[in-house]
Every structure is written in C-alpha cells, then in structure tokens.
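This report describes the chain shown below, from its overall make-up to one feature of its surface.

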Amino acid sequence: MTAALDDEATRPKSTGSGGAGPPRGFFRSRYGSTRLRVGVATTWLSVIVLLPLAAIVWQSAGGGWAAFWQAITSNGALESFRVTLTVSLAVAVVNLFFGLIVAWVLTRDDFPGKRYVDAIIDLPFALPTIVASLVMLALYGPNSPVGISLQQTIWGIGIALAFVTLPFVVRSVQPVLLELDREVEEAAASLGADNFTIFRLVILPALLPSLLSGAGLAFSRAIGEYGSVVLIGGAVPGETEVSSQYIRQLIEFDDRTGAAAVSIVLLVISFVVLFILRTIGSRAAKREELAA
C-alpha cells in the first residue's frame, strides 16, 4: 500500500491531454518571453547601431553617386586610406604575434606581479585615447626622455595604434588557452613531438579562430582610431594623416557629405574584414571539432 502511494506521488501530473508533460501554458510563456527579449534586443540594436548607420549612409548619398565617388577618390582621401590601411594592417599583424605571447605568459607562466600585468592589459580600454596620445608624445616627442623622436612619423602612429589595440588579441586568446586540454599536449610530448610541433599541430589550430577574431577587432579599431594618433601623428597630408583625421578636416571645412562618404568606406572595409576573418575562424573551429 505504501509503495503504491509513493508511485502515485512521484508520477508526472497529467496536462489534460492524456499524458505527462510540462504544465499548461509552459511553451506559450517560454516562447512568449523569448519573443519579448528578441524584440527588446532588436529595438536597442536598431536605436544604438542601425539608425546611426542609416543616417550616415543617407548623408553620404546627399550629393548623389557622383559626389560620393569624387569624395572617396580625391587625392586626400586616397592618401589617408593608404596610410590608414598600411599602418593598421601592420599593427594587427604585430599584435597578433605579441598578443599571443602575452596571453601565453599570462596563462602558462607564473611570476611575481602577474596579477598586476594582467590588469594593465585592460588599461588601454579604460584610458581615454587622447591621454594615450599625450603619453606617446611625452615619451616619443621632441623632448623624449629616451632620445627617440617619433612625432609626425608612421612609426609614431604605429606605436600609438599598437598600444590601444593590443588588448583585443590578448583577451580573445587568453580564455581559449585556459580551456585547452593539457593532456593532449602531454600525449603528443610522450609520443616524441617537440615543443614547436606540439604548438603547430595541437595548440595553434585550436587558437586560430580566437587569433583571427582578435586581429580583426584590432584592425577595425585601428582604421577608425583618432584620439591616440592626433598628437603623435601630426596629420601631415600624404604622410601621417589617417582617415579619421581627414574626416575631421572635411567636417571643419563643412563638407559633411564628403566626411560621411569616407566614413562609409571605413565602415565597409571594417565589416568585410571582420566577416571574412570570422568566417575563416568559424570553419577552422568546425574542422577542429570534427577532428576531435
């Protein structure tokens, strides 16, 4: 009798349709709340991202296609694109290498002051970019305490951009390194693989998606950066004037249509680069899952 009562108490309650299942209205409330969350997220995304983008596209088209094409193919625009893309690509590659080293040291090595170094990595995120430019000017300006003057040079712009974009690679790679299975590396070492082979065949394939994502974010941040290069760069036309400074110059001359057109080019370049790198990274991650 007691067993029968226990069985009846633990048996799922009927939903009214002749069988066990979730309570009445469960799916309706669940998917109803999902639609609400999606609606709120879409609305916020539209207000914060899509509407401003639509506004700048509308402004860039104010003078028609001819004016748009003239704005983005002028000598000043092309020279700013050349400087911006060249330096940003170089900075992304450099940070891809050194960002991986920094992330490796923070996850695999123990040393005094490790927590402070880990905290310093995020400093460029919190520091106003104009302060970064002031710091670079104090260190590499005409009165440089180290005897190196990089003001109004490509090298000065590169160092400033490397400073503000390094955290993107480090913070993209660091969590993946923490989650890697060390037993696989130990197994490869027990089979006679050297450190370089283990890194190339075991570690690097797992890190590739995060490396590409971090490099893409660093590149996209670099091509739109203004504050960190405004003092150290000097905005010399054809030499150190990046696109963001050229856009500021167009606005000062009341050429808002031209400024919007150049901005659209930077947005398109950034989106295409991020999309391509994310696609490559996604495919690499799928291959890694299939191989596992």
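## Surface and burial

In this predicted model, the protein chain has an accessible surface of about 17900 Å², and 66% of that belongs to carbon and sulfur atoms (Shrake-Rupley method, 1.4 Å probe; for residues, only the protein chains shown count as cover). Of its 292 residues, 31% count as buried, meaning under 20% relative accessible area, while exposed means over 50% and partly exposed lies in between.

The model is predicted, and local features need pLDDT of at least 70, side-chain atom pairs count only at pLDDT 80 or more, and totals for chains, interfaces and linings use all residues. Residues are numbered from 1 along each chain as its sequence is written, and side-chain values use heavy atoms, with hydrogens and water left out.

## Fold

The protein chain contains 12 helices and zero strands (DSSP runs numbered from the N terminus: helices H or I of at least four residues, strands E of at least two). Among contacts with a separation of 6 or more, 73% join residues 24 or more positions apart; a contact means heavy atoms within 4.5 Å.

## Annotated spans

The unreviewed UniProt entry annotates "transmembrane region" at several spans, including residues 119–140 and 258–277; such annotations may be inferred rather than shown by experiment. Residues 119–140 are 82% helix and 0% strand, with end C-alpha atoms 24 Å apart. For residues 258–277, the values are 100% helix, 0% strand and 29 Å.

## Exposed tryptophan

W44 is found in helix α2. This residue counts as exposed because its relative accessibility is 59%.

Key. Buried means under 20% relative accessible area, exposed over 50%, partly exposed in between (1.4 Å probe, protein chains only).
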